[in-house]
Amino acid sequence: MVVALVVIWVAFAAMTDGVFLSGRNLANLTRQASVTAILAVGMVLVIVSGNIDLSVGSLSGFLGACMAILHASWGVPATVALAMAVCLGAIIGALHGVLIAYQRVPAFIVTLGGLMVYRGGMLAVTQGETIPLPIGSWMRAIGSGSVPDAAWGLPVPLLCVAVVAGAFLFVSSLTRFGRHVYATGGNAEAAHLSGVNTRGVAFLVFVLMGALSGIAGSVLTARVGSASPEAGRLLELDAIAACVIGGTSLMGGRGGIPGALLGALVMESLNNGMSLANMGVFWQDMVRGGVLVLAVWFDIRVRQRGA
């Protein structure tokens, strides 16, 4: 995967006369990749548990729009608006979890419906208009600022990714809940017979995914300085592709946070490089979709060889 990333970077550097590898663009790339990386961190646990979440892109855009309206239009302090977006995301994730874990509705159906519901909700709350964050609000620093006195001007979004990834790496690797997630995804029936609360595991995984959607939506809105009706479009595709590219199996039971972070960097490098190379939007969508199909094909081949 590292080799593939190097090849992508060299190719886009050649296509853009070196602009792709400039310090300014690399800093911009890390900021862009932060949203996909935060979603991919949560998506790893969702996929490892044997589920899928197709709603994270729309939900992130919806929660980012709610945060922007609370802060910009209603005057709610930035910290409170951010906390409310995260809490609302966790509540929506809990609703997903109840339907999937306890009502036995397939995750594909619940989250596909959610994708359309939150896309419509975003149009409703924004009235189809862009909601700008106030000039001078520290909220903008979450998406575009740098940590003072930090080496190389550490971008704040990258710090957010480090905190989220560190917490989830600890949870997935060193806690009983993390082991139960892998056991549930590997063989749900065997895990249940051995005493694992598989329904509770699935419920909590979607609660965490909803909360992360709130964080990702806030970072996305802060980075662009506004909430737009199209925010979060196809982010679910990038998050899923990042996980699969990074070694997470769509069959469940296998995957890790570091691989998903590397996959997120690969996906955002493609997006950033294609934009710099002035490739048409239709080409960008086709390439992203093609990369996802290729990654899934590779995952299936690996599983077949291991069988």
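At what angle do helix α8 and helix α10 pack, and how far apart are their axes?

Modeller: First, some ground rules. This is a predicted model, with local features needing pLDDT of at least 70 and side-chain atom pairs counting only at pLDDT 80 or more, while totals for chains, interfaces and linings use all residues. Residues are numbered from 1 along each chain as its sequence is written, and side-chain values use heavy atoms, with hydrogens and water left out.

Now your question. Helix α8 covers residues 176-186 and helix α10 covers residues 198-224. They pack at an angle of about 110°, and their axes are 10 Å apart. Helices here are DSSP runs of H or I with at least four residues, strands are runs of E with at least two, and both are numbered from the N terminus. An axis is a line fitted to C-alpha atoms, for helices over the stretch in contact, and the angle between N-to-C directions runs from 0 to 180 degrees. So α8 and α10 are roughly perpendicular to each other. The cut-offs are these: under 35 degrees is roughly parallel, over 145 roughly antiparallel, 65 to 115 roughly perpendicular, and the rest oblique.

Who makes the contact? From α8 come Phe-177, His-180, Val-181 and Thr-184. From α10 come Thr-198, Val-201, Leu-204, Val-205 and Leu-208. Contact means heavy atoms within 4.5 Å. By type, the residues of this contact are six nonpolar, three polar and no charged. Nonpolar means Ala, Val, Leu, Ile, Met, Phe, Trp, Tyr, Cys and Pro; charged means Asp, Glu, Lys and Arg; the others, Gly among them, are polar.

Stay with α10 and look at another partner. Helix α2 (residues 23-48) packs with α10 at an angle of about 175°, with axes 9 Å apart. That makes α2 roughly antiparallel to α10. The α2 side of this contact includes Arg-31, Val-35, Ile-38 and Leu-45. The α10 side includes Phe-206, Met-209, Leu-212 and Arg-223. The residues of the α2 contact with α10 divide into 16 nonpolar, four polar and two charged. Val-205 and Leu-208 of α10 take part in the contact with α2, and they also take part in the contact with α8.

Phe-206 leads us to a glycine. Leaving aside neighbours within four places in sequence, Gly-97 is in contact with Tyr-102, Phe-203 and Phe-206. Gly-97 is found in helix α4 (residues 78-102). Gly-97 is buried, with a relative accessible area of 0%. Buried means under 20% relative accessible area, exposed means over 50%, and partly exposed lies in between, with a 1.4 Å probe and protein chains only. Val-80 is 17 residues from Gly-97 along the chain, and their C-alpha atoms are separated by 25 Å.

Next, the charges. Side chains of opposite charge can pair when their charged atoms come close. A search of the whole structure finds three salt bridges. A salt bridge is a side-chain nitrogen of Lys or Arg within 4 Å of a carboxyl oxygen of Asp or Glu. One of them joins Arg-233 to Asp-285, with the closest N and O atoms 3.5 Å apart. Arg-233 lies in the loop between β2 (226-227) and α11 (235-245), while Asp-285 lies in helix α13 (residues 281-306), so the pair ties together parts 52 residues apart in sequence. Arg-233 is partly exposed at 44%, and Asp-285 is partly exposed at 24%.

Asp-238 and Arg-288 also meet in a salt bridge, at 2.8 Å from N to O. Asp-238 is in helix α11 and Arg-288 in helix α13, so this pair ties together parts 50 residues apart in sequence. Asp-238 is buried at 2%, and Arg-288 is buried at 10%. Asp-285 forms a salt bridge with Arg-288 too, the closest N and O atoms being 3.8 Å apart. Asp-285 and Arg-288 are three residues apart in helix α13, about one helical turn. Arg-233, Asp-238, Asp-285 and Arg-288 are linked in a network of salt bridges.

Last, the cysteines. A disulfide is counted as a pair of cysteine sulfur atoms within 2.5 Å. By this rule the count is zero. The sulfur of Cys-87 is 13 Å from the closest cysteine sulfur, in Cys-66, which is too far for a bond. Cys-243 is in no disulfide either, with the nearest cysteine sulfur, that of Cys-160, 19 Å away. Cys-87 is partly exposed at 47%, whereas Cys-243 is buried at 0%.
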